[in-house]
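Hi,

Here's the structure I said I'd pass on.

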Amino acid sequence: MKRMLKQIKIPKRIGKLAISVGLLAGPGLACVFAFDYPMRVEKVSERVFALITPSRELPNPENGGWNSNMAFVVAKDGVLLFDSGSSEAIGLAAKNAIRSITDKPVRWIVNSHAHGDHWLGNAAFSDTVETIIASAPVAELIANDGARWVALFNDMTGGITQRSEIKTPNKIINKDDILSISNLNVELILSGGGHSPGDLMAWLPEERVLLSGDVIYSDRMPSTNAGDLARWLEILPRLEALDPIAVVPGHGSVTDKEGITQLLSLLNALWQSVEEGIEKGLSDFEMLPTVSKALEPFKSRYPGLEEKLRRDLSHVYLQIEATTF
Ligand SMILES: [Zn+2]
């Protein structure tokens with residue numbers, strides 16, 4: 001993917017200099033520079049649409065930081081947005097994409113979890129959003145770690161993600177709940193911290209669509225370095241039982257029940273192979289080759305498996321080791 005910078009209003013400035021001028025422009029001025037995010041709206045069901053990133057990477061200069069999916073639901077009195085991207089600029093690009101479908105304002109946002117690629121775009125909707133929904137651990141992590149995510153993504157993207165105002169959630173979910181939002185029923189489901197602390201999903205029963213955040217990855221290796229694998233293995237059969245006609249995952253293409261089943265097989269195989277290694281008395285480092293071999297059948301479907309396994313194995317190992325004593 002080619003990086004493209006659009007320059008508007010300051011024609012004499014180009015390239016990296018243009019980015020820094022955009023930074024200096026600060027709040028209150030029009031967004032002067034933007035990365036050209038290839039946002040295409042994908043219709044998922046009658047009222048649900050997805051913005052699926054083509055990237056299967058972490059934020060980098062090529063994807064301009066846009067590496068996670070968003071979804072939106074057009075209700076009678078406004079739009080519900082599920083996740084908002086890695087920066088305010090990405091949120092603005094999403095806002096434009098939503099306008100190609102409806103003139104209704106984004107009034108409600110759900111932040112699925114606290115990783116910065118899923119909520120830093122909240123500020124792009126400050127003019128219309130009334131309610132930002134998240135679980136208690138996520139709201140706390142956003143408030144505490146926001147500035148660090150902004151700095152990290154600027155570092156990873158060579159400055160493309162720029163500034164993002166931190167907009168914290170104002171409606172806190174402490175247990176599974178059903179909200180009536182306009183003419184929508186939205187069932188909020190907590191994962192129990194499977195993928196990361198406070199993961200929240202939205203099930204739309206009338207549409208039979210699941211907005212899963214990172215509890216589901218469809219065709220990219222999930223990150224298992226911030227969660228609780230045992231809890232993750234418990235929640236996935238519950239999601240299968242919903243029998244969704246579509247699942248918008250946090251990363252990867254739109255999938256369905258089969259995508260949940262596949263992920264469950266992958267995570268089960270991961271658990272089993274690590275457990276076998278522990279029973280043989282191997283350290284995490286020593287078991288890496290056999291775990292990698294056990295996961296061979298999943299490698300074509302889940303790119304990045306090898307790399308993330310190397311990064312995350314020690315975290316998974318400690319969890320499984322704790323359950324074997
Ligand atoms: Zn993510």
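Let's start with α2 (residues 88–99), where helices are DSSP runs of H or I with at least four residues, strands are E runs of at least two, and both are numbered from the N terminus. Its buried residues are Glu-88, Ala-89, Ile-90, Gly-91, Ala-93, Ala-94, Lys-95 and Ile-98; buried means 20 or more other C-beta atoms within 10 Å of a residue's own, exposed means 12 or fewer, partly exposed is in between, and C-beta atoms are placed from the backbone.

Two quick caveats. This is a predicted model, so local features need pLDDT of at least 70 and side-chain atom pairs count only at pLDDT 80 or more, while totals for chains, interfaces and linings use all residues. Residues are numbered from 1 along each chain as its sequence is written.

Ile-98 also turns up in contact with Phe-72, as do Phe-49, Val-79, Leu-80, Leu-81 and Phe-82, leaving aside neighbours within four places in sequence (contact: C-beta atoms, placed from the backbone, within 7 Å).

Now the loops. Asp-83 sits between β6 (78–82) and α2, and has a positive phi of about 70 degrees despite not being a glycine. With 29 C-beta neighbours inside 10 Å, Asp-83 counts as buried. Asp-243, in the loop between α4 and β14 (246–251), also isn't a glycine and has a positive phi, near 55 degrees. Asp-243 is exposed, though, with 11 other C-beta atoms within 10 Å. For context, most residues other than glycine have a negative phi.

Cheers

Note on methods
Contact = placed C-beta atoms within 7 Å. Expected span 1.5 Å × (residues − 1).
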